[in-house]
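Please look over the sequence and the model, then read on.

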Amino acid sequence: MNFFEYQRQARKRSVLYVFLFCMAVICIGLALYTLTVWVLQGDKLSLRTWWNKDVFLYVFLGTIGFIGLASLYRILSLREGADAIARALGARLVDPSTKDLKERKLLNVVEEMAIASGCPVPRVYVMDDEPQINAFAAGFSVQDAAICVTKGALENLNRRELQGVIGHEFSHILNGDMRLNLKLMGVLFGIFALIVVGRFLVRVGGASRGRKGKGNAGVVLIGLALMLVGAIGYFFGLIIQAAVSRQREFLADASSVQFTRDPEAIGGALLKIARIGSRVEAPSAAEVSHMLFGARANLSSIFATHPPIEERIRRVSPELLRYLKDENLNLETDSERDEGVSGKMVGYGVVGFEGGRTISGRMHDEIGKLDETSLRSARDILKNIPEDINRALESSVDATFLIFAMLLDENEDVCARQMKILKEMAPHVRRYEGSIRKLDYSSKIALLDLATSRLRNLPDDAIAEIISLAKQIAMADMKLTVFELAFLCLICMRLSRKTGQAKRERSSALLLSASAVLLGVIADAGSPDDVVSAKKAFEHGMKVLCNDPRRYMQKVRKIEDVDQIEEVSQSLMVLASASDNVKAKVIRAVEECVKFDRKITRDELVLLRLVGLVLGVPVPLSFVGA
Amino acid sequence: MVTLIVILALVVLLVIVFVAIYNNLVTLRNTYKNAYAQIDVQLKRRYDLIPNLVETAKGYLQHERQTLEAVISARNQAFTAAKAAAENPGDPKTMASLAQAEGVLGGALGRLLAVVEQYPNLKANETMSQLMEELTATENKIAFARQFFNDAVLNYKNARERFPNNIIANMFGFQDAAFLEATESEEERKAPKVKF
């Protein structure tokens, strides 16, 4: 369902609930009328004698009129301007000429969303004493409106998420939710007034009986009837009001997506609320609870003014839900996300290549989640890249030299052979050799990723030449190491034109054989000199994916042949196009395979890294029992 | 007598529906026309902002003279094109050249933003970060103004083409409206180089 459909659905449902609300008021009138007729006629009440025009006129219309007048009184007394509400909550007006960067950003975001929703720009307030994330819109018309955010929202949300929140509030303004809720609150007060009047009558009736010695049973009875019917009505009224409010929240979330065209804007903000909370301490916050962005307090579900946060996230952006389940996840901080680095960083937040550690815990639970450590190590990796290499990344020619330089062998003889293959490029490549040798494997893979992204715009024949040269250089010693395999696979995948437009692969036979190729290589990397245990590891991993792993046994191959590069990168491309579910399964199979001998070798880590990068699943530092 | 009343009531009802549809169409048409003006306002804002941004960046970006010059010349071209377009609004030729100039400017700005990312000193400069924020906001506003225009056109089109509105729309000459296509030029389509 897209956001327009969600909006339509929410609108339809809130109309239904408002109708129910009106029906509830009518039912109160009818209930009181029926009670009166019943008392007047004794217990001979039947459908035929139920109708009594005079009683109906007095009781039914009287009740409705009473509720109506009480509502009107309440609505008029509540009807304050937007600024009065904001001030009552202790909010401070943001100076339109502010020099504070955060406030400037807020004002700009509000202006942007005003344009996106076609509203005039409202006044903007900040609640300085609220550390948690929330926001509300006040005002009964588009012209007289104010938007107020908490300090916590200003500090914790990045620009994009702030847009999502403000877009949500604009929907409340645009759709007249404040007015709608004011009316509901007024009518609820009218129903409540019935209870108050009833209690008054009971007390007066009871007191007069006490004093005079003989009861005024009639008054007490009327009072009790009013209290009973009023209480039932009030109860249902509250439930319906909350239901309306929840529909308006869905509507506002969907509208926010319409305004920003970015489900992750509001989704990210909701995710942060799930973590940090949305409590508002200001005492008069209850009156605007339905206008707030997040729930003010936790209420049981039928009285809640806001839908559960998971449901809201699921509707705007289901992919974000998987982050919700992880309690320990630290969302990236503003700067990273604003710079758009995080997407790239995720891939780099990976194990250092010390190797030989035993695994503890379930690996795939950890894979795919970001944590602070891996982000930090990703930043370190990027920082460690020396200046000359950094500069080389700017041009595609130098980036090509970098790629070749990373493939140079340490052995002098082999290196000389490689230089021959490079011909006139040799001196340029040599230039980078020194700085690259200092990098560890994990920085090298990160660097390769950056370098290949620089080459993507080259013409096809140039790319084909780079790939074939890289293969020749790698095979100069007639051997294919795991690192070279991973390296060349990554080059092939990153530079292939087909990756971007690959169709989602659904054929399970193809996916299975692709996974088998991958597992075969990993099994061999795990125990390079022992075919039997490699086969056992392979079987162990493959069991996750299919029932008869033995069928694929011939895929366990020694890493030695150039053709394997093509085969593995083809398989990776197939897996990269698979659905998230399939990817998760493949990762689990890889985990089982790697874990089989209770050891992770460096080669296994290199491949793990490759799989993570290619499938877009970060493989963080923490799963190695460090 | 009764038939007369029924017929009269039906006629009155029809007139009310008729007026409601007509007024709705007028509102929607005015909304999208106003939305178009909004885009123009934001484009002007961008022209005013750019010289300031470049002035601040100049001191730090000695080696990026080319990028800065490209931004300034693109800005001046777009400014001239916008003036021409304002004199002959709706002329397809001037509109096309404005769209093209805007595309070039967008591309040049994108590259400047990417370059600024590479200079930590410049990024830390307070005036610069203020200006960057303003520029980001203006870029967003232009995009959102376009988006709102297209949303408004969509609403108008939906209202205009539905039955029975289409009868009234045709009777009173409510013209069809066109969406604003993305003005992506070759320049704009080039992803800005981002370096870490």
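T34(A) lies in helix α1 of chain A, which covers residues 3–41. Helices here are DSSP runs of H or I of at least four residues, strands are runs of E of at least two, and both are numbered from the N terminus. This is a predicted model, in which local features need pLDDT of at least 70, side-chain atom pairs count only at pLDDT 80 or more, and totals for chains, interfaces and linings use all residues. Residues are numbered from 1 along each chain as its sequence is written, while chains are lettered from A and ligands numbered from 1 in the order in which they are written.

Is T34(A) partly exposed or buried? A residue is buried if 20 or more other C-beta atoms, placed from the backbone, lie within 10 Å of its own, exposed if 12 or fewer do, and partly exposed in between. T34(A) is partly exposed because 16 other C-beta atoms lie within 10 Å. In sequence T34(A) is 21 residues from V55(A), and their C-alpha atoms are 9.5 Å apart in space.

Helix α2 of chain A, residues 53–78, has 26 residues. From first C-alpha to last, α2(A) reaches 36 Å, close to the 38 Å expected at 1.5 Å a residue. The expected span is 1.5 Å times one less than the number of residues in the helix. At G62(A), α2(A) bends by about 25°; the bend is the angle between axes fitted to the seven residues ending at a residue and the seven starting there. The buried residues in α2(A) are T63(A), I67(A), A70(A), S71(A) and R74(A).

S245(A) is found in helix α8 of chain A. S245(A) counts as buried because it has 23 C-beta neighbours inside 10 Å. S245(A) and L180(A) are 65 residues apart in sequence, yet their C-alpha atoms are 9.5 Å apart in space.

R261(A) sits in the loop between α8 (217–260) and α9 (263–276) of chain A. Most residues other than glycine have a negative phi. R261(A) is not a glycine, but its phi is positive, at about 50°. R261(A) is partly exposed, because 14 other C-beta atoms lie within 10 Å.

## Chain A as a whole, and the cores

Chain A has 28 helices and 4 strands. It holds 626 residues, of which 44% count as buried. Two residues are in contact if their C-beta atoms, placed from the backbone, lie within 7 Å. Of the contacts in chain A between residues at least 6 apart in sequence, 78% join residues at least 24 apart.

A nonpolar core is a set of buried Ala, Val, Leu, Ile, Met, Phe, Trp, Tyr and Cys residues joined through C-beta atoms within 7 Å. The largest such core has 90 residues, and those touching the most other members are A86(A), L106(A), V110(A), A138(A), C148(A) and V165(A). α5(B) gives the most to this core, with 10 residues. At least three residues come from each of domain 1 (3–80 + 178–281 + 298–311) and domain 2 (82–169) of chain A, with bounds from an automatic or database domain assignment. A second, separate core has 81 residues, including I403(A), I436(A), V568(A) and V606(A).

## Chain B

Chain B has 7 helices and 0 strands. Of its 196 residues, 26% count as buried. Helix α1(B) has 57 residues and reaches 85 Å from its first C-alpha to its last, close to the expected 84 Å. At L49(B), α1(B) bends by about 30°, and a proline, P51(B), follows within four residues. Among the buried residues of α1(B) are L28(B), Y32(B) and A57(B).

Most peptide bonds are trans. The bond from F163(B) to P164(B) is cis, with omega near 0°. P164(B) is in the loop between α5 and α6 (165–171) of chain B.

## Where the chains touch

How many residues does the contact take from chain B and from chain A? Chain B supplies 17 residues and chain A supplies 15 residues. On the side of chain B that touches chain A, α1 (2–58) and α5 (126–161) each supply at least two residues. α5(B) gives the most to that side, with 11 residues.

By class, the side of chain B that touches chain A has 7 nonpolar, 6 polar and 4 charged residues. Ala, Val, Leu, Ile, Met, Phe, Trp, Tyr, Cys and Pro count as nonpolar, Asp, Glu, Lys and Arg as charged, and the others, Gly among them, as polar.
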